[in-house]
Amino acid sequence: METVNSVDNVRAQMRKGVLEYCILCLLNSSDAYASELITRLKQEGMIVVEGTLYPLLIRQKNQGLLTYRWEESPQGPPRKYYSITDRGRGQLAEMDAAWQEIIKTIENIRK
């Protein structure tokens, strides 16, 4: 079963590596609060937990890639909505280019 565990570990590491990119992609289309981001990521098969997401959101905010605002919630306490900044859009454009380059390289290697 070592192979299964190794494959699962590789998948987990790959997901972690692209999570920042995925968050910027999602927030580029619409603002969202953390639980909503987790739900949207899970719907796409990107399994993530709060303990992984929150530190990443804080880091992206501290880098100026994201900002947030508080909004009252119809259920429960106010929610912190994250949105992408102009700097974040620039970072996303660079990540898009890097992603396309990686895909092209892997496709070439697989041939």
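Analyst: Start with one cut-off. A residue is buried when its relative accessible area is under 20%, exposed when over 50%, and partly exposed in between. The model here is predicted. Pick a residue and apply the cut-off.

User: Take Gln-60. Is Gln-60 buried or exposed?

Analyst: The relative accessible area of Gln-60 is 0%. Buried means under 20%, so Gln-60 is buried. Gln-60 belongs to helix α3.

User: Which residues is Gln-60 in contact with, leaving aside neighbours within four places in sequence?

Analyst: Glu-20, Ile-23 and Leu-24 are among the contacts of Gln-60. Leu-65 and Leu-66 are also in contact with Gln-60. Helix α1 covers residues 2-29, and strand β2 covers residues 66-71.

User: Now a residue of strand β2. How does the cut-off place Thr-67?

Analyst: Thr-67 lies in strand β2. Its relative accessibility is 37%. That value falls between 20% and 50%, so Thr-67 counts as partly exposed.

User: What is Thr-67 in contact with beyond its neighbours within four places in sequence?

Analyst: Four residues: Tyr-81, Tyr-82, Ser-83 and Thr-85. For a distance across the model, take Glu-107. Thr-67 and Glu-107 are 40 residues apart in sequence, and their C-alpha atoms are 36 Å apart in space.

User: Next, helix packing. How should I read a helix pair?

Analyst: Two numbers describe two packed helices: the angle between their axes and the distance between the axes. Here, take α2, residues 34-43, and α3, residues 50-62. Their angle is about 120 degrees, and their axes are 11 Å apart. The pair is therefore oblique. The step rests on a cut-off: 65 to 115 degrees would be roughly perpendicular, and over 145 roughly antiparallel.

User: Which hand does the crossing of α2 and α3 have?

Analyst: The crossing of α2 and α3 is right-handed.

User: Which residues make the contact of α2 with α3?

Analyst: From α2, the residues are Ala-34, Ser-35, Leu-37 and Ile-38. From α3, they are Glu-50, Leu-53, Tyr-54 and Leu-57. By class, the contact of α2 with α3 holds six nonpolar residues, one polar and one charged.

User: Stay in α3. How is Thr-52 placed by its accessible area?

Analyst: Thr-52 is in helix α3. Its relative accessible area is 33%, so Thr-52 is partly exposed. Gln-60, in helix α3 too, is buried at 0%. Between Thr-52 and Gln-63, 11 residues apart in sequence, the C-alpha to C-alpha distance is 17 Å.

User: Two other helices remain. What are the values for Gln-13 and Ala-98?

Analyst: Gln-13 sits in helix α1. At 45% relative accessibility, Gln-13 counts as partly exposed. Its C-alpha is 28 Å from that of Asp-86, 73 residues apart in sequence. Ala-98 sits in helix α4, residues 86-110. At 35%, Ala-98 is partly exposed as well. Between Ala-98 and Arg-11, 87 residues apart along the chain, the C-alpha separation is 19 Å.

User: Step back to the whole chain. How many helices and strands does the chain have?

Analyst: Four helices and three strands. Read from the N terminus, the order is α-β-α-α-β-β-α. The C-alpha trace spans about 50 × 35 × 20 Å along its principal axes.

User: What share of the residues in the chain is buried?

Analyst: Of the 111 residues, 29% are buried. The chain exposes about 7700 Å², and carbon and sulfur atoms supply 52% of that area.

User: What share of contacts joins residues at least 24 apart?

Analyst: Count the contacts between residues at least 6 apart in sequence: 50% of them join residues at least 24 apart.

Conventions:
Residues numbered from 1 in each chain as written. Predicted model: local features only at pLDDT ≥ 70, side-chain atom pairs only at ≥ 80, totals over all residues. Heavy atoms only, no water. Axes fitted to C-alpha atoms, helices over the stretch in contact; angles between N-to-C directions. Parallel < 35°, antiparallel > 145°, perpendicular 65-115°, else oblique. Left-handed = near helix turned anticlockwise from the far one by under 90°. Contact = heavy atoms within 4.5 Å. Nonpolar A, V, L, I, M, F, W, Y, C, P; charged D, E, K, R; others polar. Buried < 20%, exposed > 50% of the residue type's maximum accessible area, 1.4 Å probe, protein only. Areas by Shrake-Rupley, 256 points an atom, 1.4 Å probe, with all protein chains shown as cover.
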